Amino acid sequence: MRADARHNVEVIRQAALEVFRANGVTSPLEEVARVAGKAKGTIYHRFGGRAGLIDAVIDELVASQVDEIIRDVGALDAAPAERFEQYLLRMWSLQFDEPAANDVLLRVSPDSEVLIALCDRARTFALELLESGQSSGGIRPDLTEDDLHGVIWERGVIARQTDSSRAEYLRRCEFVLRGLRAHGDER
């Protein structure tokens, strides 16, 4: 790739990171092009479209954070229910802090293989934590995979729409966690 082409790629990548951090990966490509000072066609020429652009930035945008949460929670020396709750709290915090995290967890770009793989890693880990928490008796037995997906999805919608502070948002997340605990487990 010529030097000017490499420069265009990097300028577009940086613009995408800025725009996606502010508004998620569903932001208009016109906005990415405007911030980059390039034509929208350059994005298509260099990245093939939205999915290619997402694939080019998702690691830096949110994948490293999701992988860090999975790694850190996986290494916790704690009861299964506490690990499950820590995972949810950390993911919900990420959803509040990083709009693109919601887009990953909600699979808003099914054409992005990198985004889908990241979502699948997070989903698989969450389900392992749920099963372990239920087996140990700390998480209510009637919580299903769909319920878990719904709770994560709802928190993401709330995180994007709230005008609450981060502390207020996380305080309300604690209320949700209490509802997920097995009856009588009031830690």
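**The packing around Phe-84**

Modeller: Phe-84 touches Ala-126, Leu-129, Leu-130, Ile-139, Leu-143, Leu-148 and Leu-180, leaving out residues up to four places away in sequence; a contact here means heavy atoms within 4.5 Å. The model is predicted, so local features need pLDDT of at least 70 and side-chain atom pairs count only at pLDDT 80 or more, while totals for chains, interfaces and linings use all residues. Residues are numbered from 1 along each chain as its sequence is written, and side-chain values use heavy atoms, with hydrogens and water left out.

Phe-84 is also among the residues with the most contacts inside the largest nonpolar core, together with Phe-20, Val-32, Leu-53, Tyr-87, Leu-88 and Trp-92; this core has 57 residues. Helix H4 (residues 50–74) gives the most to the core, with 11 residues. A nonpolar core is a set of buried Ala, Val, Leu, Ile, Met, Phe, Trp, Tyr and Cys residues joined through side-chain atoms within 4.5 Å. Buried means under 20% relative accessible area, exposed over 50%, and partly exposed in between, with a 1.4 Å probe and protein chains only. Helices are DSSP runs of H or I with at least four residues, strands are runs of E with at least two, and both are numbered from the N terminus.

Phe-84 belongs to the contact of H5 with H7. On the H5 side are Pro-80, Ala-81, Arg-83, Phe-84, Tyr-87 and Met-91, and they meet Ala-122, Phe-125, Ala-126, Leu-129, Leu-130, Ser-132 and Gly-133 in H7. The residues of this contact divide into 10 nonpolar, two polar and one charged. Ala, Val, Leu, Ile, Met, Phe, Trp, Tyr, Cys and Pro count as nonpolar, Asp, Glu, Lys and Arg as charged, and the others, Gly among them, as polar. The axes of H5 and H7 are 7 Å apart and at an angle of about 145 degrees. Axes are lines fitted to C-alpha atoms, for helices over the stretch in contact, and angles run from 0 to 180 degrees between N-to-C directions.

The rings of Tyr-87 and Phe-125 have centres 5.4 Å apart and planes at 65 degrees, so the pair is edge-to-face. Tyr-87 is in helix H5 and Phe-125 in helix H7 (residues 113–135), 38 residues apart. Both are buried. Rings of Phe, Tyr and Trp (its six-membered ring) pair if their centres lie within 6.5 Å; planes under 30 degrees apart are stacked, over 60 edge-to-face, and the rest tilted.

Gln-95 is also in helix H5 (residues 80–97). Gln-95 is buried, at a relative accessible area of 2%.
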